[in-house]
Amino acid sequence: MNTQESKTALITGASSGIGQELAKLFAKDGYNLVLVARSTDKLNELGAQFWDEYGVETTVITKDLSEENAAQDVYNQVKDKNIRVDILVNDAGVGLYGKFATETDWEREKSLIHLNVLTTTLMTKLFLKDMVERNEGKILNLASLVSVTPMPLMAVYGATKAYINNFTQSLINELKGTNISVTALMPNATDTDFFNKAGAANTKVTENLDDPAVVAKDAYNAFIKGAHKVVPGSFANKALEVVSYITPQETLAERMRKSMEPKDEPKTEEKNNTAAWTWGISLAAVVLAGAALAVLYTNSSEYDKLRYRYKARKLKSGADDMFGDVKESLLTGLDNLKGAVSTAKEVVAKAKETFADAVAKTPSEVEEAV
Ligand SMILES: NC(=O)c1ccc[n+]([C@@H]2O[C@H](COP(=O)([O-])OP(=O)(O)OC[C@H]3O[C@@H](n4cnc5c(N)ncnc54)[C@H](OP(=O)(O)O)[C@@H]3O)[C@@H](O)[C@H]2O)c1
(Lines give C-alpha, C1' and ligand atoms only; values in the text may rest on other atoms or scores of the structure.)
Protein backbone atom coordinates (compact mmCIF):
# COMPACT_ATOMS: atom_id res chain seq x y z
CA MET A 1 0.00 0.00 0.00
CA ASN A 2 1.35 3.42 -0.95
CA THR A 3 1.84 5.38 2.26
CA GLN A 4 3.86 8.17 0.58
CA GLU A 5 1.20 9.08 -2.02
CA SER A 6 2.94 12.15 -3.35
CA LYS A 7 6.58 11.25 -2.65
CA THR A 8 8.98 10.04 -5.31
CA ALA A 9 12.56 8.83 -4.94
CA LEU A 10 14.86 8.88 -7.95
CA ILE A 11 17.65 6.30 -7.62
CA THR A 12 20.54 5.95 -10.04
CA GLY A 13 22.29 2.57 -10.16
CA ALA A 14 19.23 0.73 -8.90
CA SER A 15 19.73 -2.28 -11.16
CA SER A 16 22.10 -4.01 -8.73
CA GLY A 17 24.02 -3.91 -5.45
CA ILE A 18 23.51 -1.18 -2.88
CA GLY A 19 21.24 0.89 -5.18
CA GLN A 20 18.89 -2.05 -5.64
CA GLU A 21 18.74 -2.71 -1.90
CA LEU A 22 17.96 0.96 -1.30
CA ALA A 23 15.23 0.88 -3.95
CA LYS A 24 13.59 -2.06 -2.13
CA LEU A 25 13.50 -0.08 1.12
CA PHE A 26 11.98 3.01 -0.49
CA ALA A 27 9.39 0.86 -2.27
CA LYS A 28 8.53 -0.94 0.95
CA ASP A 29 7.93 2.42 2.60
CA GLY A 30 5.55 3.41 -0.18
CA TYR A 31 7.67 5.78 -2.25
CA ASN A 32 7.06 5.90 -5.98
CA LEU A 33 10.30 5.39 -7.82
CA VAL A 34 12.27 6.64 -10.77
CA LEU A 35 14.99 4.10 -11.44
CA VAL A 36 17.93 4.99 -13.66
CA ALA A 37 20.65 2.68 -15.04
CA ARG A 38 21.60 0.98 -18.30
CA SER A 39 19.97 -2.42 -17.59
CA THR A 40 16.39 -1.77 -18.64
CA ASP A 41 15.20 -5.34 -18.07
CA LYS A 42 16.40 -5.46 -14.49
CA LEU A 43 14.80 -2.11 -13.73
CA ASN A 44 11.50 -3.19 -15.32
CA GLU A 45 11.54 -6.41 -13.28
CA LEU A 46 12.07 -4.44 -10.10
CA GLY A 47 9.27 -2.06 -11.07
CA ALA A 48 6.87 -4.98 -11.60
CA GLN A 49 7.92 -6.55 -8.29
CA PHE A 50 7.41 -3.27 -6.39
CA TRP A 51 3.99 -2.83 -7.94
CA ASP A 52 2.95 -6.36 -6.96
CA GLU A 53 4.35 -6.21 -3.44
CA TYR A 54 3.83 -2.60 -2.40
CA GLY A 55 1.54 -1.01 -5.00
CA VAL A 56 4.07 1.72 -5.83
CA GLU A 57 4.68 3.13 -9.31
CA THR A 58 8.06 2.88 -10.97
CA THR A 59 9.29 4.92 -13.90
CA VAL A 60 12.28 3.41 -15.65
CA ILE A 61 14.82 5.63 -17.38
CA THR A 62 17.46 3.76 -19.34
CA LYS A 63 20.58 5.86 -19.40
CA ASP A 64 24.34 5.52 -19.62
CA LEU A 65 25.24 8.10 -17.00
CA SER A 66 28.86 8.27 -18.09
CA GLU A 67 27.80 10.00 -21.30
CA GLU A 68 27.96 13.71 -21.93
CA ASN A 69 24.65 15.43 -21.00
CA ALA A 70 23.34 12.30 -19.27
CA ALA A 71 22.27 14.12 -16.11
CA GLN A 72 20.54 16.91 -18.04
CA ASP A 73 18.74 14.33 -20.16
CA VAL A 74 17.49 12.41 -17.11
CA TYR A 75 16.29 15.67 -15.55
CA ASN A 76 14.48 16.66 -18.77
CA GLN A 77 12.75 13.26 -18.98
CA VAL A 78 11.60 13.55 -15.36
CA LYS A 79 10.25 17.06 -16.04
CA ASP A 80 8.50 15.91 -19.23
CA LYS A 81 6.74 13.22 -17.21
CA ASN A 82 5.68 15.80 -14.60
CA ILE A 83 7.34 13.88 -11.81
CA ARG A 84 8.41 15.75 -8.68
CA VAL A 85 11.54 14.24 -7.20
CA ASP A 86 11.45 14.47 -3.40
CA ILE A 87 14.44 12.24 -2.85
CA LEU A 88 17.53 11.87 -5.01
CA VAL A 89 19.90 8.94 -4.51
CA ASN A 90 23.12 9.28 -6.51
CA ASP A 91 24.25 5.66 -6.30
CA ALA A 92 25.54 4.73 -9.78
CA GLY A 93 29.30 4.41 -9.74
CA VAL A 94 32.16 2.22 -10.94
CA GLY A 95 35.77 1.53 -9.96
CA LEU A 96 38.89 0.60 -11.90
CA TYR A 97 41.79 -1.49 -10.61
CA GLY A 98 45.46 -1.13 -11.53
CA LYS A 99 48.51 1.09 -11.28
CA PHE A 100 47.63 4.53 -12.63
CA ALA A 101 50.91 5.13 -14.48
CA THR A 102 51.19 1.86 -16.36
CA GLU A 103 48.12 -0.35 -16.06
CA THR A 104 44.84 1.51 -16.26
CA ASP A 105 43.15 2.71 -19.40
CA TRP A 106 42.50 6.45 -19.69
CA GLU A 107 39.24 6.08 -21.60
CA ARG A 108 37.81 3.96 -18.76
CA GLU A 109 39.12 6.43 -16.19
CA LYS A 110 37.56 9.34 -18.04
CA SER A 111 34.23 7.55 -18.17
CA LEU A 112 34.53 6.68 -14.44
CA ILE A 113 35.17 10.33 -13.56
CA HIS A 114 32.24 11.37 -15.71
CA LEU A 115 29.90 8.92 -14.00
CA ASN A 116 31.13 9.21 -10.41
CA VAL A 117 31.83 12.94 -10.39
CA LEU A 118 30.32 14.96 -13.24
CA THR A 119 26.97 13.20 -13.44
CA THR A 120 26.55 13.08 -9.66
CA THR A 121 27.38 16.79 -9.43
CA LEU A 122 25.00 17.86 -12.19
CA MET A 123 22.18 15.58 -10.98
CA THR A 124 22.57 17.23 -7.59
CA LYS A 125 22.61 20.73 -9.05
CA LEU A 126 19.50 20.23 -11.18
CA PHE A 127 17.31 18.48 -8.61
CA LEU A 128 18.62 20.47 -5.63
CA LYS A 129 17.59 23.75 -7.26
CA ASP A 130 13.99 22.52 -7.41
CA MET A 131 14.21 21.30 -3.82
CA VAL A 132 15.48 24.70 -2.68
CA GLU A 133 12.51 26.37 -4.43
CA ARG A 134 10.15 24.08 -2.53
CA ASN A 135 12.30 24.20 0.60
CA GLU A 136 11.99 20.46 0.86
CA GLY A 137 13.95 17.42 -0.22
CA LYS A 138 16.67 14.91 0.53
CA ILE A 139 19.77 13.80 -1.33
CA LEU A 140 21.88 10.71 -0.64
CA ASN A 141 25.30 10.64 -2.29
CA LEU A 142 27.33 7.43 -2.51
CA ALA A 143 30.76 8.23 -1.20
CA SER A 144 32.75 5.45 0.46
CA LEU A 145 34.99 4.78 3.46
CA VAL A 146 37.86 5.28 1.01
CA SER A 147 36.73 8.88 0.63
CA VAL A 148 38.80 9.59 3.76
CA THR A 149 41.84 7.50 2.84
CA PRO A 150 44.17 7.27 -0.16
CA MET A 151 43.44 4.24 -2.34
CA PRO A 152 46.53 2.93 -4.12
CA LEU A 153 45.72 0.62 -7.06
CA MET A 154 42.31 2.30 -7.41
CA ALA A 155 43.64 5.84 -7.22
CA VAL A 156 41.18 7.56 -9.53
CA TYR A 157 38.18 5.82 -8.00
CA GLY A 158 39.28 6.78 -4.47
CA ALA A 159 39.75 10.37 -5.57
CA THR A 160 36.23 10.52 -7.03
CA LYS A 161 34.80 9.33 -3.70
CA ALA A 162 36.86 11.92 -1.78
CA TYR A 163 35.31 14.52 -4.09
CA ILE A 164 31.79 13.27 -3.41
CA ASN A 165 32.29 13.33 0.35
CA ASN A 166 33.87 16.78 0.35
CA PHE A 167 31.22 18.14 -2.02
CA THR A 168 28.44 16.71 0.13
CA GLN A 169 29.80 18.11 3.40
CA SER A 170 30.06 21.58 1.80
CA LEU A 171 26.46 21.43 0.58
CA ILE A 172 25.33 20.45 4.08
CA ASN A 173 26.80 23.69 5.33
CA GLU A 174 25.32 25.78 2.51
CA LEU A 175 21.88 24.30 3.16
CA LYS A 176 21.85 24.96 6.88
CA GLY A 177 18.57 26.45 8.00
CA THR A 178 16.62 24.90 5.08
CA ASN A 179 14.38 21.90 5.05
CA ILE A 180 16.75 20.00 2.80
CA SER A 181 19.19 17.37 3.95
CA VAL A 182 22.16 15.95 2.09
CA THR A 183 23.86 12.77 3.29
CA ALA A 184 27.12 11.07 2.36
CA LEU A 185 27.01 7.29 2.51
CA MET A 186 30.40 5.78 3.35
CA PRO A 187 30.28 1.99 3.05
CA ASN A 188 33.29 -0.21 3.59
CA ALA A 189 33.95 -2.89 0.95
CA THR A 190 30.57 -4.44 0.15
CA ASP A 191 29.56 -7.69 -1.47
CA THR A 192 28.23 -6.48 -4.83
CA ASP A 193 29.43 -6.79 -8.41
CA PHE A 194 31.57 -3.69 -7.88
CA PHE A 195 35.00 -5.35 -7.46
CA ASN A 196 34.34 -7.77 -10.28
CA LYS A 197 33.48 -4.96 -12.70
CA ALA A 198 36.48 -2.96 -11.52
CA GLY A 199 38.85 -5.85 -12.27
CA ALA A 200 39.61 -6.20 -8.55
CA ALA A 201 37.84 -9.47 -7.77
CA ASN A 202 41.08 -11.21 -6.75
CA THR A 203 42.21 -8.66 -4.17
CA LYS A 204 42.57 -9.20 -0.41
CA VAL A 205 39.85 -6.65 0.36
CA THR A 206 37.26 -8.97 -1.18
CA GLU A 207 37.92 -11.59 1.50
CA ASN A 208 35.83 -9.66 4.00
CA LEU A 209 32.83 -7.91 2.50
CA ASP A 210 29.77 -6.29 4.04
CA ASP A 211 26.23 -7.33 3.12
CA PRO A 212 24.64 -4.80 0.72
CA ALA A 213 21.24 -5.29 2.41
CA VAL A 214 22.73 -4.26 5.76
CA VAL A 215 24.56 -1.32 4.16
CA ALA A 216 21.31 -0.14 2.58
CA LYS A 217 19.25 -0.60 5.76
CA ASP A 218 21.71 1.40 7.92
CA ALA A 219 21.96 4.04 5.21
CA TYR A 220 18.20 4.32 4.79
CA ASN A 221 17.49 4.73 8.51
CA ALA A 222 20.12 7.44 8.97
CA PHE A 223 19.24 9.19 5.70
CA ILE A 224 15.56 9.47 6.55
CA LYS A 225 16.57 11.13 9.83
CA GLY A 226 18.70 13.64 7.90
CA ALA A 227 22.16 12.43 9.02
CA HIS A 228 25.13 14.24 7.41
CA LYS A 229 27.01 11.01 6.87
CA VAL A 230 26.51 7.29 7.41
CA VAL A 231 29.18 4.67 7.98
CA PRO A 232 27.07 1.51 7.74
CA GLY A 233 27.78 -1.87 9.27
CA SER A 234 30.10 -2.87 12.07
CA PHE A 235 31.73 -0.84 14.82
CA ALA A 236 35.05 -1.62 13.11
CA ASN A 237 33.89 0.35 10.05
CA LYS A 238 33.04 3.35 12.22
CA ALA A 239 36.38 3.05 14.03
CA LEU A 240 38.19 2.90 10.69
CA GLU A 241 36.69 6.24 9.70
CA VAL A 242 37.77 7.93 12.94
CA VAL A 243 41.25 6.38 12.86
CA SER A 244 41.66 7.63 9.29
CA TYR A 245 41.39 11.25 10.44
CA ILE A 246 44.33 10.90 12.84
CA THR A 247 46.61 8.51 10.94
CA PRO A 248 49.35 9.92 8.67
CA GLN A 249 48.39 9.71 5.00
CA GLU A 250 51.47 7.67 4.16
CA THR A 251 50.56 5.03 6.75
CA LEU A 252 46.98 4.93 5.52
CA ALA A 253 48.16 4.55 1.95
CA GLU A 254 50.35 1.59 2.94
CA ARG A 255 47.48 -0.07 4.76
CA MET A 256 45.09 0.43 1.85
CA ARG A 257 47.74 -0.75 -0.60
CA LYS A 258 48.02 -4.04 1.28
CA SER A 259 44.29 -4.61 1.19
CA MET A 260 44.20 -3.89 -2.55
CA GLU A 261 46.95 -6.34 -3.41
CA PRO A 262 46.17 -9.73 -4.94
CA LYS A 263 45.11 -12.47 -2.54
CA ASP A 264 47.84 -14.64 -1.03
CA GLU A 265 49.03 -17.75 -2.81
CA PRO A 266 47.24 -20.91 -1.56
CA LYS A 267 48.23 -21.72 2.05
CA THR A 268 51.10 -24.16 2.81
CA GLU A 269 48.61 -26.91 3.68
CA GLU A 270 46.86 -26.57 0.30
CA LYS A 271 50.21 -26.47 -1.48
CA ASN A 272 51.41 -29.59 0.33
CA ASN A 273 48.23 -31.45 -0.47
CA THR A 274 48.73 -30.55 -4.09
CA ALA A 275 52.36 -31.70 -3.82
CA ALA A 276 51.27 -35.02 -2.28
CA TRP A 277 48.84 -35.62 -5.14
CA THR A 278 51.52 -34.73 -7.65
CA TRP A 279 53.98 -37.14 -6.04
CA GLY A 280 51.34 -39.86 -5.86
CA ILE A 281 50.59 -39.53 -9.56
CA SER A 282 54.30 -39.41 -10.46
CA LEU A 283 55.07 -42.50 -8.38
CA ALA A 284 52.17 -44.40 -9.91
CA ALA A 285 53.62 -43.50 -13.30
CA VAL A 286 57.01 -44.88 -12.26
CA VAL A 287 55.44 -48.16 -11.11
CA LEU A 288 53.49 -48.47 -14.37
CA ALA A 289 56.61 -47.72 -16.38
CA GLY A 290 58.49 -50.37 -14.38
CA ALA A 291 55.75 -52.94 -15.03
CA ALA A 292 55.75 -52.09 -18.74
CA LEU A 293 59.51 -52.52 -18.87
CA ALA A 294 59.27 -55.89 -17.12
CA VAL A 295 56.75 -57.12 -19.72
CA LEU A 296 58.84 -55.79 -22.60
CA TYR A 297 61.96 -57.33 -21.09
CA THR A 298 60.61 -60.87 -21.03
CA ASN A 299 59.33 -60.67 -24.63
CA SER A 300 62.30 -59.06 -26.37
CA SER A 301 65.54 -59.78 -28.21
CA GLU A 302 68.94 -59.77 -26.42
CA TYR A 303 69.82 -56.32 -27.81
CA ASP A 304 66.47 -54.82 -26.66
CA LYS A 305 66.93 -56.49 -23.27
CA LEU A 306 70.13 -54.52 -22.82
CA ARG A 307 68.27 -51.30 -23.62
CA TYR A 308 65.41 -52.09 -21.24
CA ARG A 309 67.86 -52.87 -18.42
CA TYR A 310 69.52 -49.54 -19.00
CA LYS A 311 66.14 -47.76 -18.87
CA ALA A 312 65.22 -49.63 -15.69
CA ARG A 313 68.42 -48.37 -14.09
CA LYS A 314 67.58 -44.81 -15.03
CA LEU A 315 64.08 -45.24 -13.59
CA LYS A 316 65.51 -46.54 -10.31
CA SER A 317 67.73 -43.51 -9.98
CA GLY A 318 64.73 -41.20 -10.77
CA ALA A 319 62.61 -43.01 -8.18
CA ASP A 320 65.36 -42.56 -5.59
CA ASP A 321 65.45 -38.80 -6.27
CA MET A 322 61.69 -38.61 -5.97
CA PHE A 323 61.77 -40.51 -2.71
CA GLY A 324 64.23 -37.93 -1.35
CA ASP A 325 61.84 -35.12 -2.29
CA VAL A 326 58.91 -36.89 -0.65
CA LYS A 327 60.97 -37.20 2.54
CA GLU A 328 61.74 -33.50 2.40
CA SER A 329 58.08 -32.56 2.03
CA LEU A 330 57.37 -34.77 5.05
CA LEU A 331 59.87 -32.76 7.08
CA THR A 332 58.46 -29.38 6.03
CA GLY A 333 54.86 -30.50 5.74
CA LEU A 334 51.93 -30.78 8.12
CA ASP A 335 50.68 -33.68 10.22
CA ASN A 336 47.79 -34.51 7.94
CA LEU A 337 50.23 -35.14 5.13
CA LYS A 338 51.99 -37.96 6.96
CA GLY A 339 49.41 -40.56 5.94
CA ALA A 340 49.60 -39.59 2.31
CA VAL A 341 53.38 -39.65 2.34
CA SER A 342 53.65 -43.01 4.09
CA THR A 343 51.37 -44.50 1.41
CA ALA A 344 53.63 -42.94 -1.16
CA LYS A 345 56.63 -44.52 0.62
CA GLU A 346 55.09 -47.97 0.27
CA VAL A 347 54.52 -47.38 -3.43
CA VAL A 348 58.11 -46.26 -3.83
CA ALA A 349 59.38 -49.33 -1.98
CA LYS A 350 57.47 -51.57 -4.40
CA ALA A 351 58.79 -49.67 -7.39
CA LYS A 352 62.33 -49.98 -6.05
CA GLU A 353 61.96 -53.74 -5.59
CA THR A 354 60.81 -54.10 -9.21
CA PHE A 355 63.69 -52.03 -10.53
CA ALA A 356 66.29 -53.62 -8.25
CA ASP A 357 65.23 -57.00 -9.58
CA ALA A 358 65.59 -55.86 -13.19
CA VAL A 359 68.88 -54.10 -12.57
CA ALA A 360 70.41 -57.00 -10.64
CA LYS A 361 70.28 -59.02 -13.83
CA THR A 362 72.14 -56.33 -15.78
CA PRO A 363 75.57 -57.50 -16.96
CA SER A 364 78.48 -55.11 -16.22
CA GLU A 365 78.95 -54.37 -19.94
CA VAL A 366 75.43 -52.84 -20.27
CA GLU A 367 76.65 -49.26 -19.98
CA GLU A 368 79.11 -49.64 -22.86
CA ALA A 369 76.71 -51.64 -25.00
CA VAL A 370 73.94 -49.02 -24.98
N1 LIG B 1 30.76 -2.32 -3.31
C2 LIG B 1 31.56 -1.59 -2.55
O3 LIG B 1 32.50 -2.11 -1.92
C4 LIG B 1 31.32 -0.11 -2.39
C5 LIG B 1 31.89 0.53 -1.28
C6 LIG B 1 31.71 1.90 -1.14
C7 LIG B 1 30.97 2.59 -2.07
N8 LIG B 1 30.43 1.95 -3.14
C9 LIG B 1 29.66 2.73 -4.11
O10 LIG B 1 28.34 2.24 -4.15
C11 LIG B 1 27.76 2.54 -5.41
C12 LIG B 1 27.04 1.32 -5.93
O13 LIG B 1 27.99 0.31 -6.17
P14 LIG B 1 27.68 -1.23 -5.89
O15 LIG B 1 28.70 -1.69 -4.97
O16 LIG B 1 26.26 -1.43 -5.57
O17 LIG B 1 28.06 -1.83 -7.33
P18 LIG B 1 27.19 -2.54 -8.45
O19 LIG B 1 26.43 -3.66 -7.90
O20 LIG B 1 28.15 -2.77 -9.55
O21 LIG B 1 26.15 -1.41 -8.89
C22 LIG B 1 26.51 -0.34 -9.69
C23 LIG B 1 25.26 0.31 -10.22
O24 LIG B 1 25.66 1.47 -10.99
C25 LIG B 1 25.08 1.38 -12.28
N26 LIG B 1 25.96 1.92 -13.30
C27 LIG B 1 27.25 1.60 -13.51
N28 LIG B 1 27.71 2.25 -14.59
C29 LIG B 1 26.69 3.00 -15.06
C30 LIG B 1 26.53 3.87 -16.16
N31 LIG B 1 27.54 4.13 -17.00
N32 LIG B 1 25.33 4.46 -16.35
C33 LIG B 1 24.31 4.19 -15.52
N34 LIG B 1 24.38 3.38 -14.46
C35 LIG B 1 25.58 2.78 -14.23
C36 LIG B 1 24.87 -0.11 -12.52
O37 LIG B 1 23.78 -0.29 -13.42
P38 LIG B 1 23.92 -0.75 -14.95
O39 LIG B 1 25.10 -1.62 -15.06
O40 LIG B 1 22.61 -1.44 -15.19
O41 LIG B 1 24.05 0.50 -15.74
C42 LIG B 1 24.48 -0.60 -11.15
O43 LIG B 1 23.11 -0.44 -10.93
C44 LIG B 1 28.90 3.04 -6.29
O45 LIG B 1 28.85 4.45 -6.37
C46 LIG B 1 30.15 2.60 -5.55
O47 LIG B 1 31.22 3.45 -5.80
C48 LIG B 1 30.58 0.61 -3.31
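Trainee: Okay, axes are lines fitted to C-alpha atoms, for helices over the stretch in contact, and angles run from 0 to 180 degrees between N-to-C directions. With that in hand, at what angle do helix α3 and α4 pack?

Mentor: This is a predicted model, by the way. Helix α3, residues 70-80, packs with α4 at about 30°, and their axes are 8 Å apart. The crossing is right-handed.

Trainee: And which residues of α3 and α4 make the contact?

Mentor: On the α3 side you'll find A71, Q72, V74, Y75, V78 and K79, and α4 brings T119, L122, M123, L126, F127 and D130. Sorted by type, that contact of α3 with α4 has eight nonpolar residues, two polar and two charged.

Trainee: What about α4 and α5, how do their axes cross?

Mentor: Helix α4 covers residues 106-134 and helix α5 covers 155-174; their axes come within 9 Å and cross at roughly 15°. Because angles under 35 degrees count as roughly parallel, α4 is roughly parallel to α5. The way α4 passes α5 is a right-handed crossing.

Trainee: Which residues in α4 meet those in α5?

Mentor: From α4 you get E109, L112, I113, N116, V117, T120, T121, T124 and L128, and they meet V156, Y157, T160, K161, Y163, I164, F167 and L171 of α5. The residues of the α4 contact with α5 split into 10 nonpolar, five polar and two charged.

Trainee: Let's switch to the sheet. What order do the strands have?

Mentor: It's an open sheet of seven strands, in the order β3-β2-β1-β4-β5-β6-β7, and the pairing is parallel. At the edges sit β3 (58-62) and β7 (229-230), each of which pairs on one side only.

Trainee: Over how many bridges do β5 and β6 pair?

Mentor: Six bridges, in the parallel sense, between β5 (residues 137-142) and β6 (residues 180-185). To pick out one spot, I139 has V182 in β6 as its bridge partner.

Trainee: Which strands does helix α7 touch?

Mentor: Helix α7, residues 212-224, packs on the sheet and touches β4, β5, β6 and β7. Its direction makes about 145° with that of β5.

Trainee: And which strands does helix α1 lie across?

Mentor: Helix α1 (residues 17-28) lies across β1 (8-12), β2 (32-37), β4 (87-90), β5 and β6. Relative to β1, α1 runs at about 170°.

Trainee: How do the axes of α1 and α2 cross?

Mentor: At roughly 30°, coming within 10 Å, with α2 spanning residues 40-54. That angle makes α1 roughly parallel to α2. Their crossing is right-handed. Residues Q20, A23, K24, A27 and K28 of α1 meet L46, F50 and Y54 of α2. By type, the α1 contact with α2 has five nonpolar residues, one polar and two charged.

Trainee: Last topic: how many salt bridges does the count come to?

Mentor: Nine salt bridges. One to look up in the structure is E136 with K7, where the closest N and O atoms are 3.4 Å apart.

Trainee: Where do E136 and K7 lie?

Mentor: E136 is in the loop between α4 and β5, while K7 is in the segment before β1, so the pair ties together parts that are 129 residues apart in sequence.

How values were computed
Residues are numbered from 1 along each chain as its sequence is written. This is a predicted model: local features need pLDDT of at least 70, side-chain atom pairs count only at pLDDT 80 or more; totals for chains, interfaces and linings use all residues. Side-chain values use heavy atoms; hydrogens and water are left out. Two strands pair if DSSP finds at least two bridges between them. Helices (H or I, at least four residues) and strands (E, at least two) are DSSP runs, numbered from the N terminus. Contact means heavy atoms within 4.5 Å. Angles under 35 degrees count as roughly parallel, over 145 as roughly antiparallel, 65 to 115 as roughly perpendicular and the rest as oblique. A crossing is left-handed if the near helix is turned anticlockwise from the far one by less than a right angle, and right-handed if clockwise. Ala, Val, Leu, Ile, Met, Phe, Trp, Tyr, Cys and Pro count as nonpolar, Asp, Glu, Lys and Arg as charged, and the others, Gly among them, as polar. A salt bridge is a side-chain nitrogen of Lys or Arg within 4 Å of a carboxyl oxygen of Asp or Glu.
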